[in-house]
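Subject: Structure for you to look at

Hello,

I am passing a structure on to you, together with notes on what was found in it. Please open it first and then read on.

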Amino acid sequence: MSIFSHPAYDKHEQVAFYQDAKSGLKAIIAVHNTNLGPSLGGCRMWPYADDGEALNDVLRLSRGMTYKSAMAGLKLGGGKAVIIGDPRQQKTPELLRAMGDFINTLGGRYITAEDSGTSVEDMHLIGEHTRFVSGLNESSEHGGDPSPSTAYGVFVGLRAAVEHRWGRTDLNGLRVSVQGVGNVGFRLAKLLKEAGAELFVTDIFQDNIDRAVDELGATAVGADEIFDLDVDLFAPCAMGAILNDDTISRLKAGAIAGAANNQLAEERHAEVLREKGILYAPDYVINAGGIIDVYYQQQGGYDPAQVKEHIETIGTTMQEVFRRADENGETTAHVADRVAEERFGHEDAPKKTDSAAA
Ligand code: NAD
C-alpha cells in the first residue's frame, strides 16, 4: 500500500499509526494541515474491510476538515482519526483510553471529538488519558454533542440557498426532502417545520421515520424514491456520494443543502449540477456548525450566544460563495475550495488579490 503517493495524500503533514495489543486498538490519525492552528476533527470507529479502506477514509476526512475549518473562520487545522473495528462489539473503555494515549503522542497537533461510531461518553474515556479532546463540555446546552449546532448551521445555509435561488427569505410552503432523519436530519427537519416547510423524509430505520411523521407531520417516502420527488429543495443528511450520475439525472429540486459529508460522488458532479441549474450548497461550508461548536468547547468559557452568532456566519459565507460562482461562471464547490485554500495558505492557491468570502 502506498502512503506518500496515495491518491488522497494531498500534502498531509503527518499520518500516524498505532496498535495497542492489550486493548486491541488499531487506529490511524491523519493531520492534513496546521497552518491556521492545531488540527481538530472527529474520531470515527468503523469496521473497515481492510487497512487501505481505513487509510483512504482518514486521509479524505482530515483534508476535508482543513477546508471546513478554514471556511468557518476558525483558527484550526484539519485532522481526523479512525479506529478500525465494530463500535457495537469492539469498543471498550480500555480501547478508548489507549486511543487517548495515541492522541497524546501527537502533543496537541491533533485534537479529537465525537464522530460516527463514537459518543460524548467515549470522549470522556479518551479524555482520561489525554487533554486533547473536545466535544465533552457539560456547560454547552447539549452536553458536548455538536449535532444541534450542525443542524442549525445547515438551516442557516439552506435559507441562504433559498434566498439566492428564489429571492425569498421565508420558507413557508417550501417542499423539502430530507434523506436521513438521524441526529442532524431530524433537528433540521424540526427547524424547517417550524419555519413552515412541507417535509418529505426517508431513513433506513423505521423508528426514525415514524418520529418525523408523528412529531413533524412529515410524509414518509422510500429510500430510493427520495431522488424522484417533485420538491423545491433536497437536504441530504445521511451519507456521502449521493450526488452521482444516476441521482442527479433524477433530481427535480432547484437546490441542494444538507449536512452529509462528501455529497458529490466525484468533483465533476458539481459541474453536472450547475449545468442542470441546481444550486449546490457545498457540504463542508454548510455543515460547519458542529466544528464551530466543538471549537468553542475546546476554548473554554462556552457562550451559547457567541457560538450561535458564529454559526450564523455560515449564511453570509454561503451567499458570498453563490455570488462569486455566478459572477465567474464556476461551480459553488470550486469557489468554496479556492476561498478555503486562500485562507489556509495552500501552496497552489491563487495569490490573495480578490476579496475572500465572509
Ligand atoms: P446519524 O447516523 O445520526 O444520522 C444519519 C441517518 O441517516 C440515520 O438515521 C440513518 O439511519 C440514515 N441513513 C443511513 N443510510 C441511509 C440511506 N441509504 N437512506 C436514508 N437514510 C439513511 O448521523 P448524523 O450525525 O445525523 O450525521 C448525518 C450526516 O451529516 C453524516 O453524513 C455526517 O457525516 C454529517 N455530519 C454530521 C455532523 C454532526 O455534527 N453530527 C457534522 C458534520 C457532518
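**Notes on the structure**

Lys 11 counts as partly exposed, because its relative accessibility is 41% (buried means under 20% relative accessible area, exposed over 50%, and partly exposed in between, with a 1.4 Å probe and protein chains only). Please note that this is a predicted model, in which local features need pLDDT of at least 70, side-chain atom pairs count only at pLDDT 80 or more, and totals for chains, interfaces and linings use all residues. Residues are numbered from 1 along each chain as its sequence is written, and side-chain values use heavy atoms, with hydrogens and water left out.

Lys 11 lies in the segment before S1 (strands are DSSP runs of E with at least two residues, helices are runs of H or I with at least four, and both are numbered from the N terminus). Although Lys 11 is not a glycine, its phi is positive, at about 60°. Ala 241 also has a positive phi of about 60° and is not a glycine. Ala 241 sits in the loop between strand S9 (233-236) and helix H8 (245-250). With a relative accessible area of 38%, Ala 241 is partly exposed.

Next, the sheet. An open sheet is formed by 5 strands in the order S1-S2-S4-S3-S5, with mixed pairing (two strands pair if DSSP finds at least two bridges between them). Strand S1 (14-20) and S5 stand at the edges with a single partner strand each, so one side of each has no neighbour in the sheet. From one strand to the next, the twist averages 25° (axes are lines fitted to C-alpha atoms, for helices over the stretch in contact, and angles run from 0 to 180 degrees between N-to-C directions).

Strand S3 (residues 39-46) is joined to S5 by 5 bridges, and the two run parallel. One of the residues involved is Gly 42, whose bridge partner in S5 is Ala 113. S3 also runs parallel to strand S4 (residues 77-84), with 6 bridges between them. Here Leu 40 has Gly 78 in S4 as its bridge partner. Is S5 enclosed or open? Strand S5 (residues 110-114) is largely enclosed by the rest of the structure, because 5 of its 5 residues are buried.

Then the ligand. The ligand is surrounded by 20 residues, and the closest are Thr 150, Asn 183, Val 184, Asp 203 and Asn 208 (a residue is near a molecule or strand if one of its heavy atoms lies within 4 Å of it). By class, this shell has 9 nonpolar, 9 polar and 2 charged residues (Ala, Val, Leu, Ile, Met, Phe, Trp, Tyr, Cys and Pro count as nonpolar, Asp, Glu, Lys and Arg as charged, and the others, Gly among them, as polar).

Oxygen atoms of the ligand have these neighbours:

- Thr 150 has a polar side-chain atom 2.6 Å from an oxygen atom of the ligand.
- Val 184 has a backbone N or O atom 2.8 Å from an oxygen atom of the ligand.
- Asp 203 has a polar side-chain atom 2.5 Å from an oxygen atom of the ligand.

A polar contact is a pair of N or O atoms within 3.5 Å; within protein, one must be able to donate a hydrogen and the other to accept it, and residues adjacent in sequence count only if both atoms are side-chain atoms. On its own the ligand has 820 Å² of accessible area, and the protein covers 77% of this (Shrake-Rupley method with a 1.4 Å probe; for residues, only the protein chains shown count as cover). Helix H5 (147-166) and helix H6 (183-194) are the elements that give two or more residues to the shell.

Regards
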